[in-house]
Amino acid sequence: MTKKLYFYDSYITEFTGNVITVIPFKDRYAAIMRETYFYPESGGQPSDTGYIDTVKVIKVEIQDGTIYHIIDSPIKPGSYKCKIDFDSRFDNMQQHTGQHIMSASFYKLFNTMTSSFHIGREISHIDIDKPGLTESDIISAEICANEYVYNNIPVLTYIVTPEEAAKLPLRKSPTVNQGIRIVEVKDCDFSPCGGTHVKSTGEIGIIKITRCERSKNKLRLYFVCGKRALLYFCKINQRINDLASHFSTNIDDIPHRIEEAEQTKRKMKKEISSLKNELASNIADDLYSKRKNINPNLDLVIETFNDCDEQILHMVSSRLTENPDCLSVLENKSKQQKFIISRSADLDFNMKQLFEDLKDHFECNGGGNSKQVQFVIKGDGKNIITFIEEKIKDAL
C-alpha cells in the first residue's frame, strides 16, 4: 500500500520518491512508490501528471490502496527526483474546493444534496437532487458561494476516527470506515474527501455557473473556478465585443440588434419563398406549354436543368402534376446528376417500378412512392431519358 503524502500537503510539487517496482500496466508501464505526492484519479478529480526523473507520468491510478504512476517508458527501481505539474494540480484544487463551497451553498439555501461531481479538462459539473430550482435560486446559490470566496476562509484538512466524524456536521456520509479525511471550510462546510484543496477560499478567485441541464430527478450545473473562470470571461467578453463590432453598436444594445436581424431574416425568407413560388409557377407553365402529347391520356414533360435550386425544382414538379394526365421528368445537373419523376393523381403508372427498372440498368440511389421518385444516377443523360421515356410509353 502506497503512503498518500498528498493528504498532508497539496502544495509540494518536488520530492524524492522511492520506486520499489515497475510493472506492465495496460498498454504502458506503471511505477509503484513507497510514498507519493502524486494524486491518483478518484472522487471526480483527475490525476496529477508530471515526471519521475526524466520519465513522464501520464496518469496516476489507485487500486486496492496501491497507487500506479503510469509512465511513458520503463525505469529501474530506485530513488528519483519527482516533479508534479503544479499548474494542473492547482487548477484541480481550485475546481475541487470551489465545488465543496458551491455544493454547501445549495445545501444551506435549498437543503439539496450533491449526488455526483466531475472535474473536466475545461469545465466541471455537479448533479443536485432538486431539478425544480429556478434561475433565481441558482443565482442566489452562486452569490452565496462567492461570498465564501471573498471572505478568504481557511480550508483545513485532517484525519479523524469514525467516532470523531460522527460528532461533526458532515454534509455527506464518509465512504470509508477508518482514517476518515475531513475537508473543513470554517462556518461553511465539513465533508469527507480525499482530494487536493487550496489553503484558503480566496485562492479560488471566483466560482461561475455557466449553464444547467434539467432531468426528472436531477439538475446538472456546469461551473468554472479560478483561472478557468478568468479565461471563460475573457472568451465571453471577446465574443460580445465582436458582436458589438459586427452590429456597430454597444454591448447593451446587442439583444435589440439581434432581434432586428432576426425579423429582417424572417421577412426575407418569406419574400424569397414567395418569389420561388412565382418562379416555379412560371417555369411549370412554360414547360407544360411545350409538353409532348404521347396519347390522348398522357402528356409528357421532360426538361434538363443546370444546378437548379432543389426547392424550386420540387415546386415545378408539383405544379406540373397538378395538371391531368401529366407525367414530369426533371433532370438536374450539378455536382451529382439528379432526377425527379412524378405523375398526376389520375395516371395509372407505378413510379416505384420505374425506379426498380432504372436500378437494373444504371447505377442509381434514391427512392419514393407510386406517384413520385427522386434519385441520383450515373450515366449519359440522354440515354437515361430515352430509357425512361420508353418505359413510360410501354406502360401507358
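1. Basis. The model is predicted, so local features need pLDDT of at least 70 and side-chain atom pairs count only at pLDDT 80 or more, while totals for chains, interfaces and linings use all residues. Residues are numbered from 1 along each chain as its sequence is written, and side-chain values use heavy atoms, with hydrogens and water left out.

2. Aromatic pairs. A pair of aromatic rings is described by the distance of the centres and the angle of the planes. Rings of Phe, Tyr and Trp (its six-membered ring) pair if their centres lie within 6.5 Å; planes under 30 degrees apart count as stacked, over 60 as edge-to-face and the rest as tilted. By this rule there are 13 aromatic pairs. One of them joins Tyr6 and Tyr39, edge-to-face, with 5.2 Å from centre to centre and 80° between the planes. This pair links distant parts of the chain, 33 residues apart: Tyr6 is in the loop between strand 1 (3-4) and strand 2 (14-25), and Tyr39 is in the loop between strand 4 (35-36) and strand 5 (50-52). Strands here are DSSP runs of E with at least two residues, and helices are runs of H or I with at least four, both numbered from the N terminus.

3. Burial of that pair, and its cluster. Tyr6 and Tyr39 are both buried. Buried means under 20% relative accessible area, exposed over 50%, and partly exposed in between, with a 1.4 Å probe and protein chains only. Tyr6 and Tyr39 also belong to one aromatic cluster with Phe7 and Tyr8.

4. A stacked pair. How are the rings of Phe339 and Phe375 arranged? Their centres are 5.6 Å apart and their planes are at 10°, so the pair is stacked. Phe339 is in strand 19 (residues 337-343) and Phe375 in strand 21 (residues 372-378), so that distant parts of the chain, 36 residues apart, are linked. Phe339 and Phe375 are both buried.

5. Charges over rings. A charge sits over a ring if NZ of Lys or CZ of Arg is within 6 Å of the ring centre and within 35 degrees of the ring normal. The charged end of Lys199 is placed over the ring of Tyr11, 4.6 Å from the centre of that ring. For Arg211, the charged end sits over the ring of Tyr222, at 3.9 Å from the ring centre.

6. Two strands pair if DSSP finds at least two bridges between them. Ile159 has Arg181 in strand 12 as its bridge partner.

7. Salt bridges and Asp189. A salt bridge is a side-chain nitrogen of Lys or Arg within 4 Å of a carboxyl oxygen of Asp or Glu. The whole structure holds 21 of them. In one, the closest N and O atoms of Asp189 and Arg171 are 2.8 Å apart. The pair links distant parts of the chain, 18 residues apart, with Asp189 in strand 13 and Arg171 in the loop between helix 3 (162-166) and strand 12. Asp189 is buried at a relative accessible area of 3%, and Arg171 is buried at 9%. The side chain of Asp189 also makes a polar contact (a pair of N or O atoms within 3.5 Å; within protein, one must be able to donate a hydrogen and the other to accept it, and residues adjacent in sequence count only if both atoms are side-chain atoms) with the side chain of Ser191, at 2.9 Å.

8. Further salt bridges. Glu213 and Arg211 meet through their side chains at 2.9 Å, N to O. Glu213 is partly exposed, with 36% relative accessible area, and Arg211 is partly exposed at 43%. Lys292 and Glu389 form a salt bridge at 3.2 Å, N to O. Lys292 lies in strand 16 (residues 292-295) and Glu389 in helix 8 (residues 381-395), so this pair ties together parts 97 residues apart in sequence. Elsewhere, salt bridges that share partners join Lys26, Glu41, Lys59 and Glu61 into one network.
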